Amino acid sequence: MSPIGLAVIGGGYWGPNLVRTALATPAVRLEWLCDLDGERARTVLGPCTTVRATDSFDEILEDLAVSAVAIATPAATHFDLVRSALEA
């Protein structure tokens with residue numbers, strides 16, 4: 001079975017923990033970290049990574065390599081993000 005392509009949404013409080021866990025999980029291939037502050041996403045990932053950083057949730061939804069998302073944003077944003085991910 002090949003690894004599941006994952007995108008982490010949110011690079012603030014919980015996002016870095018999800019990134020670290022995803023990178024340590026063989027069943028997951030972390031494809032993206034998305035944060036409204038693209039520079040924050042790049043800082044969380046560090047300089048030596050193959051994981052892509054973006055500030056565009058739509059870019060992630062268009063990527064066929066992404067099969068799952070982990071939402072690490074403020075609770076008030078979860079519904080719209082999850083609905084968009086499910087529709088994609």
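1. Let me start with Tyr 13, which is exposed at a relative accessible area of 71%. Trp 14 next counts as exposed too, with 54% relative accessibility. Here buried stands for under 20% relative accessible area, exposed for over 50%, and partly exposed for anything in between, with a 1.4 Å probe and protein chains only.

2. A word on the basis: this is a predicted model, in which local features need pLDDT of at least 70 and side-chain atom pairs count only at pLDDT 80 or more, while totals for chains, interfaces and linings use all residues. Residues are numbered from 1 along each chain as its sequence is written, and side-chain values use heavy atoms, leaving out hydrogens and water.

3. Back to the rings. Rings of Phe, Tyr and Trp (its six-membered ring) pair if their centres lie within 6.5 Å; planes under 30 degrees apart are stacked, over 60 edge-to-face, and the rest tilted. The count by this rule is one aromatic pair. The ring centres of Tyr 13 and Trp 14 are 5.6 Å apart and the planes stand at 90°, so the pair is edge-to-face.

4. Gly 15 belongs to helix α1 (helices are DSSP runs of H or I with at least four residues, strands are runs of E with at least two, numbered from the N terminus). Gly 15 is buried, at a relative accessible area of 0%. Leaving aside residues up to four places away in sequence, Gly 15 touches Val 8, Gly 10 and Ala 72, where contact means heavy atoms within 4.5 Å. Between Gly 15 and Val 44 there are 8.5 Å in space, C-alpha to C-alpha, and 29 residues in sequence.

5. Helix α2 spans residues 38-45, and Gly 38, Ala 41 and Leu 45 are buried in it. They cover an arc of only 60° around the axis, which puts them on the same side of α2; the arc is taken from the directions from the helix axis to the C-beta atoms. The buried residues of α2 pack against α1 (15-23), β2 (28-34) and β3 (52-54). Just after α2, Gly 46 has a positive phi of about 80°.

6. Finally, the cores: a nonpolar core is a set of buried Ala, Val, Leu, Ile, Met, Phe, Trp, Tyr and Cys residues joined through side-chain atoms within 4.5 Å. The largest one has ten residues, including Leu 6, Val 19, Leu 30, Ala 41 and Leu 45. At least two residues of this core come from each of β1 (4-9), α1, β2 and α2. Apart from it lies another core of eight residues, among them Ile 9, Trp 32, Cys 34 and Ile 60.
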